[in-house]
Amino acid sequence: MLNNSTSLQPRENSIRHSLIRINRLTVGIVLLISLLALTTYNFLSYKKTLERNLAVQARIISTNSSAAILFNNREDAEETLSSLGTVPDIVTAVLYTKNGNIFAAYQKEKTTDGIPSLFFQEQGYQFGRNYLSLIQPVVIDTETIGTIYIKSGLKDLYFYLLAHLILIVVVIVVSILTAREFLSRLQKTITNPINDLVELMKTVSEGKNYSVNALLHGPSELQSLSHGFNEMLGQIQKRDMELNAHRQNLEEMVYRRTNELAQTNVQLREELTERQKAESALISTKAQLQHLLVLSPAVIYSCNPDDDFSFTFVSDNVKDQLGYEPEEFLEDPIFWRSNIHTENLDLILAGRNSLLNRGHHIHEYRFKHKDGTYLWVRDEMRLITNDKGHPFEIVGYWIDITEQKHAEEQITQRAFYDQLTGLPNRSLFVDRLRVSLESRKRNQDYLFAVLFIDVDRFKIVNDSLGHSFGDQLLVMIAQRLKKCVRTFDTVARFGGDEFAVLLDNIKGVAEIIPIIERIQNEMKLPCNLTRQEVFTSFSIGVALSDMSPYTQPEEILRDADIAMYYAKANGKACYVLFDASMHAQAVKVLQMETDLRTAIERHEFVLHYQPVVSMEDDRIIGFEALLRWVSPNGIVYPDEFISVAEETGLIVPIGKWVLYEACRQISEWQERFPQFQHLTISVNLSTKEFLQPTFIQLIENILQRTGLEARNLKLELTEKMIIENFEHAATVFQQLRALNVQVMIDDFGTGYSALNYMLYLPIDSLKIDRFFVRKAGANENVKEIVKTIITLAHALKMDVIVEGIETEEEMSLFKKMKSEYAQGFLFSKPLDNTSVEKLLEHYIPSVPVHNISFDTKQPAPAIEMENSSIKNLNL
């Protein structure tokens, strides 16, 4: 309210309206951003959950269907896919072969989408408007055998997002209405009086009427503002009158002084015109130079072309780069030279002569920083001559290249040196080995040797103590190896626990042996790691440059590596010198692996069966399944290929087939010959088969598919397999006992002897090796050992099976020792399935097996078991 009774209304763009609009806009923007952010977050979180669930389903289907793809069993694959019917989101699932053909598929009812072709799809997640799909390979032992495609609907996702969006919209509407009501109340108390004061100020400003006073009602702060405003108007009115008087006086003085200055300016203008022209060019040049010096990362300098190269100018940024003031270079003629690294000083002096002769020179050297460290600088100089061609001045620049130098050193270090031990890596070793080969090509008397070294039992250190202790051990080994060789020899780490040594310029084997012995003796000393003392040894393969006409470094490394494996096979902690027969054997093993893979593809494996007989009445109680490989060159026995199959992992698919085919065959014989329902089948297991995480599921699956009773299956394991994997064996044996599958220890007494495992594991039978059978008749000590084994087995309620019985005397001896069962050539050689069927047809319970007469001629079997082949078996 105004004291002259004038009422002023606030304008539409008042503080109140602005405040309301800003608040509404702010609240709306904040809530809208929150809506978008929260909706996006929930969308991505839900999508991530769908992707994770889809990946879990794909992994489950891949695991359960890998064997189905491997053995071409579409029925089991489709049965596995049909289990997705319990998962509501999954609408389509397809298994493809590795060639991209559809192997098995599943679609929900009322789904109109067709089964997609793999050739138009990319692996990974595909996100569409109404679906989320995943394509990924099905892998067994690093080999891709097929592809799985799973598609999930997004109806739940969109329903979730719609509900969330409705909730946020309701929150926004309520928030805006609440803010509007709050601001409406606020403006009545604060903004209306302020608007009155604003209008009063406008009236005073436009009409110059300082007699109008303001009277604001409301809080005390607004009343104080009104009182202060009225006092200010009184002072402004007083000052306005004084200023008008001073302004008139000042205008008169300015008029007089302007006339005087106009005359003076005419004179000065004429004088300055010429001067400005002269200075303009200089100022422009100096400005450009100053900008260049400020912006340049280089230190600019100039010096005299005399003997001491005394400096005449150094830019100010020398302090930023080297820590020195420019004056230190200008005042001391030898200051620059005294701070150059001594190793680079001769290079600098030689560069000075090059500069004087050629007029331009670039060199790199180390210069001492004021803090005492050395920096690498790049120095580029040019010689300036006068009109007569005589040296007048040297100009140049320095630039710091320390980081570039360090980067080059790091690149070199990473490219050619092992990061853990600091030794040369394989690349640098091969380069040096190539140099030695070139030297031998030029001089046939030049000899060198390569030692390929593997640390024995290093995996035990890593597994028991951890990788940090393993790294400590590798560093200590590297240091010891360097101490054992000559300074010009090369010690390198190839990775893991493999090292190599290049013994250059030797006279022969006699010079190598002492070095190898030093290395072996050094490794006999304990390695003191952190709070742990470790002993280790080396297996060393040695290849000499004159053993073969080597042309490439990889050839001699290959031969040294082969020799190292022979050293490991000889018991470790030794060295072996390479010879040509080793390479031939390695080639043979490689060819064996290739032939094995081909044999699996061509279904060249068959089973032969050797009867197991009761010692009491010569009754056939079962068979042992023996694997044979019918190659194009004839039958190959397990002793020739099992070790290669074990090493390459091929034993796993072969072993699955053996288990399945043996169970299938014995089940078929039980059905065909009702009097032989009691027949059992014994199957030898390899370590890799036994350690498979799905081993128990495999046994259950095979028994279910073949219809064989679990009690008719006997699994044979060696003592070594059990002792080396005791905890795993304890778990698996209990599961086998729960299935009612029998467990047998094969070749008992010929290998490891840790009898305590027999007390804790559920073992059904012991199998006495043929070694004891051959020796027991003539050697009383062996006979006593056999008696002890049989007594021990009976005390632990185990049956005893004697293998390798070939004579009546041997059978009589072990029958007296109360052995329950036997097998061997006395009863029958291993038979193919046709011969076994003839044996069972002619079997007479009262006649010993070895007296039954029938044609046991075994023609080469035709491999026509397509439904039970290794490739198509679905397990």
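**A close look at the salt bridges**

Tutor: Let's begin with Glu841 and Arg672, which form a salt bridge whose closest N and O atoms are 3.3 Å apart. Glu841 sits in helix α27 (residues 833-842) and Arg672 in helix α18 (residues 651-672), so this pair ties together parts that are 169 residues apart in sequence. A salt bridge here is a side-chain nitrogen of Lys or Arg within 4 Å of a carboxyl oxygen of Asp or Glu. Helices (H or I, at least four residues) and strands (E, at least two) are DSSP runs, numbered from the N terminus.

Before going further, a word on what you are looking at. This is a predicted model, in which local features need pLDDT of at least 70 and side-chain atom pairs count only at pLDDT 80 or more, while totals for chains, interfaces and linings use all residues. Residues are numbered from 1 along each chain as its sequence is written, and side-chain values use heavy atoms, with hydrogens and water left out.

How covered are the two partners? Glu841 is partly exposed, with a relative accessible area of 45%, and Arg672 is partly exposed too, at 43%. In these terms, buried means under 20% relative accessible area, exposed means over 50%, and partly exposed lies in between (1.4 Å probe, protein chains only).

Now turn to Lys767. Glu716 forms a salt bridge with Lys767, and their closest N and O atoms are 3.0 Å apart. Glu716 belongs to strand β22 (residues 713-718) and Lys767 to strand β24, so the pair ties together parts that are 51 residues apart in sequence. Glu716 is buried, with a relative accessible area of 1%, and Lys767 also counts as buried, at 1% relative accessibility.

Lys767 has another partner to meet. Glu624 forms a salt bridge with Lys767 as well, with the closest N and O atoms 2.7 Å apart. This pair links distant parts of the chain: Glu624 is in strand β19 (residues 620-631) and Lys767 in strand β24 (residues 765-768), 143 residues apart. Glu624 is buried, its relative accessible area being 6%.

Glu624, Glu716, Lys767 and Glu803 are linked in a network of salt bridges.
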